[in-house]
Amino acid sequence: MSLSINRKDLEARFSEEFNVSKATANEYIKFVFDQITDVLKEDGQVDIYGFGRFSVTHRKGRIGINPSTGEKMEILPTRNVKFKSSKPLKDMLK
């Protein structure tokens, strides 16, 4: 069975654990996510000790082929977020 958690669940758990309102919990969670996002927007990296590292990867633009028509098309360069889990997190999951 797989367990899934979304932001609303995280907010409820935070609120319960630290005995704060859900609105306050939402503000704290939003702050953390905003800080991570801001650093990544500037091509930085975020290291969270014991959890992992978020960084930005760059893919060059290239020419691709549409599989339906066989027509060549330009694929624009993109930036993606990469996550590398830390050794302690990997060890916990074993």
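User: In this predicted model, which residue in E2 does Asp47 stand opposite?

Analyst: The two strands to look at are E1 (46-48) and E2 (52-59). E1 and E2 pair in the antiparallel sense over three bridges. Asp47 stands opposite a residue in E2, namely Arg53.

User: Which strands are the edge strands of the open sheet?

Analyst: Three strands form this open sheet, with antiparallel pairing, in the order E1-E2-E5. An edge strand pairs on one side only, and that holds for E1 and E5.

User: How far apart are the end C-alpha atoms of helix H2, and what span should its 20 residues have?

Analyst: H2 covers residues 22-41, and at 1.5 Å a residue it should span 28 Å. The distance between its end C-alpha atoms agrees with this, at 28 Å.

User: Why are the buried residues of H2 on the same side?

Analyst: The buried residues in H2 are Ala25, Ile29, Ile36 and Leu40. An α-helix has 3.6 residues a turn, so residues three or four places apart point the same way.

User: What do the buried residues of H2 pack against?

Analyst: The face turned away from the buried side carries the exposed residues Glu27, Phe31 and Lys41. The buried residues pack against helix H1 (7-18) and the strands E1, E2 and E5.

User: Which residue just after H2 takes a positive phi?

Analyst: H2 comprises residues 22-41. Just after H2, a phi of about 65° is taken by Asp43.

Notes: Residues are numbered from 1 along each chain as its sequence is written. This is a predicted model: local features need pLDDT of at least 70, side-chain atom pairs count only at pLDDT 80 or more; totals for chains, interfaces and linings use all residues. Side-chain values use heavy atoms; hydrogens and water are left out. Helices (H or I, at least four residues) and strands (E, at least two) are DSSP runs, numbered from the N terminus. The expected span of a helix is 1.5 Å times one less than its number of residues. Buried means under 20% relative accessible area, exposed over 50%, partly exposed in between (1.4 Å probe, protein chains only). Contact means heavy atoms within 4.5 Å. Two strands pair if DSSP finds at least two bridges between them.
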